[in-house]
Amino acid sequence: MEERKQAADAERRKRGREKRSGSDPVEVLGEEVMGLVMELLDARSVARCTAVSRAWYGVAADNRLWEPKCAELIAGKAHIPRLTMIPTASKLSTYSMAIMDGKRNRITKEDLCDHAWEYCFTIAAPEYWRNLDPSWKHTGPPMRRYFHEDGYHSADPHDAVWGGHECEYMIMTSFVGDGKIRDHYVKINQWPPMKVSRKEDWSWELSNHLYRYNSIPDAEKKGCTGPLFPVW
């Protein structure tokens, strides 16, 4: 009697193992087929698959799966973050860091200096200034401005607004409790501070009530742009 009971228990355990084994698609279909299935999913869904189990993580975190998703992510973006060039990072990590960097509103000196900037006046600026702005008069392309590592700020030669005066910039950031940013802006000489914002194509905008700076797209720039390590 005892032997039959032990045999029945053993059979139930065996069936339980077979059932559990047969319920995992990775074990049933194999990693290669599951990888093909995951190629059809969006990036968010694939990222969620990494949390299912160790076996699922091995498939869902594969560089071959994330490389085309990284290429799709950066297609059409104005700027490509320099941190996507970290050679030791996995493609999954690269994708995640690029998403976070694209949402970053805290600008750095690298961001300012790596790009050329279009400069134009707003409707609130004095009419005299707007008359010097070719983009307002439709007589030429927007004026350009440049930030330099030494803190100097410059314009193109013969810029009617610039006038050749000395110009320096500062990035100002203040914090409240828990490291949260209270205020963040860029200031040039004694002019009104410019708030920092980000667009969907990952380009930057600096603006106040008088004028606006927009970073010029440079996705093809060798070595990419911005800080090498994450700044949140």
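Which residues do ring pairs link into a cluster?

Tutor: This is a predicted model, in which local features need pLDDT of at least 70 and side-chain atom pairs count only at pLDDT 80 or more, while totals for chains, interfaces and linings use all residues. Residues are numbered from 1 along each chain as its sequence is written, and side-chain values use heavy atoms, with hydrogens and water left out.

The cluster linked by ring pairs consists of W117, Y119, F121, W129, F147, Y169, W191, Y211 and Y213. Rings of Phe, Tyr and Trp (for Trp, its six-membered ring) are paired if their centres lie within 6.5 Å; planes under 30 degrees apart are stacked, those over 60 are edge-to-face, and the rest are tilted. By this rule the model has 11 aromatic pairs. One of them joins F147 and Y169, which count as edge-to-face because their ring centres are 5.0 Å apart and their planes stand at 90°. F147 belongs to strand β2 (residues 143–147) and Y169 to strand β4 (residues 169–175), so this pair ties together parts that are 22 residues apart in sequence. Strands (E, at least two residues) and helices (H or I, at least four) are DSSP runs, numbered from the N terminus. Both F147 and Y169 are buried; that term means under 20% relative accessible area, whereas exposed means over 50% and partly exposed lies in between (1.4 Å probe, protein chains only).

Aromatic rings also meet charged groups. A charge is said to sit over a ring if NZ of Lys or CZ of Arg is within 6 Å of the ring centre and within 35 degrees of the ring normal. The charged end of R130 sits over the ring of W136, 5.3 Å from its centre. For R198 and the ring of W204, the corresponding distance is 3.9 Å.

R198 also takes part in a network of salt bridges, together with D101, R104 and D111. A salt bridge places a side-chain nitrogen of Lys or Arg within 4 Å of a carboxyl oxygen of Asp or Glu, and the model contains eight of them. Another salt bridge links E205 with K199 at 3.6 Å, N to O. Here E205 is buried, with 16% relative accessible area, while K199 is partly exposed at 40%. A further bridge, between D62 and R64, spans 3.0 Å, N to O; D62 is partly exposed at 23%, and R64 is exposed at 69%.

The cysteines complete this account of side-chain contacts. A disulfide requires a pair of cysteine sulfur atoms within 2.5 Å, and the count by this rule is zero. For C120, the nearest cysteine sulfur is that of C167, 16 Å away, and C120 is in no disulfide. C120 is buried, at 13% relative accessibility. C224 is likewise in no disulfide, since the nearest cysteine sulfur, that of C70, is 12 Å away. With 10% relative accessibility, C224 also counts as buried.
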